[in-house]
Amino acid sequence: MNNGSEGALVRRVGQGLDNRTFDLTRTFLVQSGDSGGSMSHWIENVPAAAGPPMHVHHREQEMFRILSGKFRFWCAGEAQDLSDGDTILIPKGAHHTFKNTGASDGQLLITMTPGGAEGFFIEVERQGLHPSRDMPQIVEIAARYGIEFVGPPPA
């Protein structure tokens, strides 16, 4: 679906909406509005040793495909080590996080269904917020998108 039209939505290399939040860069390839709300889809670049805090998506399931690098994912208390080409699906409501365990930058292809959570990243960037100084505001924005931070990343 393409904003209500019958034609295909195409994103060529270098196209999409660039975003930088939490010291990670991402490019939104398909936003919720592009898919009639059914999904959002983006590429995220993750520096070595980086990853988000433990969190929950109360509205969406989240699928990751490792495009490059080595990652450890935690979901519902279990750890999985994944690398190039591997895929993991995180169910809605599961406590989860990931960390780039490789020696260099890694890249993830992320799909969320239904769409909409990308608005969280867009809003945080638009307001210029950073977790080192603005976590209360970030938590408030996250709640509007059904995202809850539940702890730091595992060691």
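Is Arg144 buried, exposed or partly exposed? Arg144 counts as partly exposed because its relative accessibility is 43%, where buried means under 20% relative accessible area, exposed over 50%, and partly exposed in between, with a 1.4 Å probe and protein chains only. The model is a predicted one, in which local features need pLDDT of at least 70 and side-chain atom pairs count only at pLDDT 80 or more, while totals for chains, interfaces and linings use all residues. Residues are numbered from 1 along each chain as its sequence is written, and side-chain values use heavy atoms, with hydrogens and water left out.

Arg144 has its place in helix α2, where helices (H or I, at least four residues) and strands (E, at least two) are DSSP runs numbered from the N terminus. Leaving aside residues up to four places away in sequence, Arg144 touches Arg59 and Glu123, contact meaning heavy atoms within 4.5 Å. Between Arg144 and Gly93 there are 15 Å in space, C-alpha to C-alpha, and 51 residues in sequence.

Helix α2 itself, residues 131–144, spans only 17 Å between its end C-alpha atoms, whereas a straight helix of 14 residues would span 20 Å at 1.5 Å a residue; the expected span is 1.5 Å times one less than the number of residues. The helix α2 also has a kink of about 50°, centred on Gln137, the bend at a residue being the angle between axes fitted to the seven residues ending there and the seven starting there. Asp134, Ile138, Ile141 and Ala142 are buried in α2, and the buried residues of this helix pack against α1 (118–126) and β11 (147–151). Just after α2, Gly146 adopts a positive phi of about 75°.

Turning to the strands, Thr21 belongs to β1 (residues 17–21) and counts as buried because its relative accessibility is 2%. The side chains of Thr21 and Asn19 are joined by a polar contact of 3.3 Å, that is, a pair of N or O atoms within 3.5 Å, of which, within protein, one must be able to donate a hydrogen and the other to accept it, residues adjacent in sequence counting only if both atoms are side-chain atoms.

Strand β3 (residues 40–46) has 5 of its 7 residues buried, so it is largely enclosed by the rest of the structure. It is joined to strand β2 (residues 24–30) by 5 bridges, in an antiparallel arrangement, and 7 bridges join β3 to strand β10 (residues 106–113), also antiparallel; two strands pair if DSSP finds at least two bridges between them. Ile43 in β3 is the bridge partner of Thr27, and Ile43 stands opposite Leu109 in β10.
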